[in-house]
Amino acid sequence: MAKNSWNDYSTTASSNTDIGGIDISEGCSPANINDALRFQMKATADVVAGTTTLSSLSLTTGNITTGVFGDGAVGTPSITNTGDTDTGLYFSGADEISLTTAGTQRLSVDSSGHLNHNGSASADISALTSASSVAVDFDTAQNFSLILAHDVTISNPTNANVGQTGSIFITQSASSSHTVSFGSNWKFSGGTAPTATATNDAVDRLDYIVKSASEVHCVYTTNLS
């Protein structure tokens, strides 16, 4: 088969006996070598210009500044990895990109920014350390747990990301109960912070949504059992 582009070249050197139909086998005309070099330069320029689309590309190291990929499909995404070719990114419609795993669409984002998730979602529960003042960093998690070993003030959260939602599970000590108070940025119905259930091992839950950097709107549910 004539070697008309990079995609046609063989990884076995001895199999590359022509380029663009020009004979470069042993004993070929010296003029053919000149013509072959010129054709090789053209084939390289075609790849650079995007005239020739590579059938595959593998980089051990290095950077690709820009790239244009085919649409792909849910079972054969166009951006994937070796050995797991049904997992990756593909272009599922005009101005739409999707993520697929095991050949099933999991996420898509359309031209309006709408995110569709095909499956369940979860966020880890991060344990807070009991102290007289408990810091909550909203950049570290959405959900938190706190086992009380002190009378605690949950201070104003840091990195309050507008629109973030989550919960804090508050559990009393097994041996004695403790009080819970809140920084001023935690906002409750009627402007009054709740009273934690004063029973050993009792579990309360605070659900929140961040309205602004200084306002975290909360609903507090007591004595879940």
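How many residues apart are Arg38 and Asp35 in helix H1?

Modeller: Arg38 and Asp35 are three residues apart in helix H1, which spans residues 30–49, so about one helical turn separates them. A helix here is a DSSP run of H or I with at least four residues; a strand is a run of E with at least two, and both are numbered from the N terminus.

First, a word on the model. It is predicted, so local features need pLDDT of at least 70 and side-chain atom pairs count only at pLDDT 80 or more, while totals for chains, interfaces and linings use all residues. Residues are numbered from 1 along each chain as its sequence is written, and side-chain values use heavy atoms, with hydrogens and water left out.

The side chains of Arg38 and Asp35 form a salt bridge, with N and O 3.1 Å apart. That term means a side-chain nitrogen of Lys or Arg within 4 Å of a carboxyl oxygen of Asp or Glu. Side chains of opposite charge can pair when their charged atoms come close. Arg38 is exposed, at 53% relative accessible area. Asp35 is partly exposed, at 35%. The cut-offs are under 20% for buried and over 50% for exposed, with partly exposed in between (1.4 Å probe, protein chains only).

Asp46 is buried, at 16% relative accessible area. Lys42 is partly exposed, at 46%. Asp46 also touches Thr51 and Thr52, leaving out residues up to four places away in sequence. Touching, or contact, means heavy atoms within 4.5 Å.

How many salt bridges does the whole structure hold? The search finds three. Asp207 is partly exposed, with a relative accessible area of 21%. Arg205 is partly exposed too, at 24%.

Next, look at a sheet. Five strands form an open sheet in the order E3-E4-E5-E6-E7, with antiparallel pairing. Strands pair if DSSP finds at least two bridges between them. At the edges are E3 (79–81) and E7 (115–117), each pairing on one side only. Neighbouring strands are turned by 20 degrees against each other on average, direction ignored. The axes are lines fitted to C-alpha atoms, for helices over the stretch in contact; angles run from 0 to 180 degrees between N-to-C directions.

Follow the chain through two hairpins. E5 (residues 96–101) pairs with E6 over five antiparallel bridges. Thr100 stands opposite Gln105 in E6. Two residues lie between these strands, and Ala102 in the turn has a positive phi of about 55 degrees. E6 (residues 104–109) then pairs with E7 over three antiparallel bridges. Here Leu107 has His117 as its bridge partner, and Val109 stands opposite Leu115. Five residues separate E6 and E7, with Gly113 in the turn at a positive phi of about 90 degrees.

Last stop: a loop. Ser173 lies between strand E12 (165–171) and strand E13 (180–182). Ser173 is buried, at 13% relative accessible area. A polar atom of its side chain is 3.1 Å from the backbone nitrogen of Ser175. Beyond neighbours within four places in sequence, Ser173 is in contact with Leu148, His178, Asn200 and Asp201.

How values were computed. Polar contact = N/O pair within 3.5 Å; in protein donor to acceptor, adjacent residues only side chain to side chain.
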